[in-house]
Amino acid sequence: DGFPAGAEADVQTFGAMYPQGTREFMAMALMLATLARRSDAIRLGPQHIRDGRIIFTARKNSAPVTVPVIGELVEALAHHKTEHLTFLTTQFGAPFSDAGAGNWFGDRCKAAGLPVRAHGLRKLGAIRLAYAGAMVPELIAWGGWKTEREPLRYIREAERARLADQGAE
């Protein structure tokens with residue numbers, strides 16, 4: 001199954017350690033709310049936001065992505081000041097490299113005592129959308145996938161949780 005999906009408790013723990021206004025919180029919010037891959041999240045900046053949407057082309061497969069600004073990202077953007085073309089920069093104000101961003105974010109997760117990494121937030125974001133009722137076409141649009149394989153995985157996971165909740169009732 002690859003990298004483990006994040007859990008809602010991970011988001012709460014991470015947010016308690018890295019509150020609004022920190023680049024750590026911005027990184028988490030970008031990946032959760034846009035389903036952006038790490039390689040895309042580090043390239044996103046103010047120029048990608050138009051009319052309440054984040055618009056970009058996925059680097060991995062050139063899929064166009066245009067999604068509304070939702071969730072943690074709304075408040076993160078309100079608290080985040082940037083003078084750069086990217087929301088996420090190193091401590092020196094330079095853009096992150098893919099590997100550098102992965103190592104930096106992984107270190108922050110580890111410091112918070114969490115097993116989740118950047119890709120786990122992408123998975124959690126997809127599971128959140130599936131749990132809210134998003135179907136394959138919606139998930140493809142959000143995640144920039146070209147096939148149904150990954151979206152179906154997240155729908156199945158959300159469906160298991162929904163069925164368990166119904167059974168508990």
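Where is serine 62 found? Serine 62 sits in the loop between S2 and strand S3 (64-68). Helices (H or I, at least four residues) and strands (E, at least two) are DSSP runs, numbered from the N terminus.

Some ground rules. This is a predicted model, where local features need pLDDT of at least 70, side-chain atom pairs count only at pLDDT 80 or more, and totals for chains, interfaces and linings use all residues. Residues are numbered from 1 along each chain as its sequence is written, and side-chain values use heavy atoms, with hydrogens and water left out.

Back to serine 62. Its phi is positive, about 60°, although serine 62 is not a glycine. At 51% relative accessibility, serine 62 counts as exposed. Exposed means over 50% relative accessible area, buried under 20%, partly exposed in between (1.4 Å probe, protein chains only). Aspartate 51 also has a positive phi, near 55°. That residue lies in the loop between strand S1 (49-50) and strand S2 (53-57). Aspartate 51 is exposed, at 81%.

Now the inside. The largest nonpolar core has 50 residues. Such a core is a set of buried Ala, Val, Leu, Ile, Met, Phe, Trp, Tyr and Cys residues joined through side-chain atoms within 4.5 Å. Met26 and Phe105 are among the members that touch the most others. Helix H2 (residues 23-34) gives the most to this core, with 9 residues. Leaving aside neighbours within four places in sequence, methionine 26 is in contact (heavy atoms within 4.5 Å) with residues including Leu73, His80 and Phe87.

Next, helix H8 (residues 149-168). Glu150, Pro151, Tyr154, Ile155 and Ala158 are buried there.

Last, charges. The whole structure has 8 salt bridges. A salt bridge is a side-chain nitrogen of Lys or Arg within 4 Å of a carboxyl oxygen of Asp or Glu. Glutamate 8 and arginine 128 form one, at 2.8 Å, N to O. Glutamate 8 lies in helix H1 (residues 8-17) and arginine 128 in helix H6, so the pair ties together parts 120 residues apart in sequence. Glu8, Glu72 and Arg128 are linked in a network of salt bridges.

Note on methods. Expected span 1.5 Å × (residues − 1).
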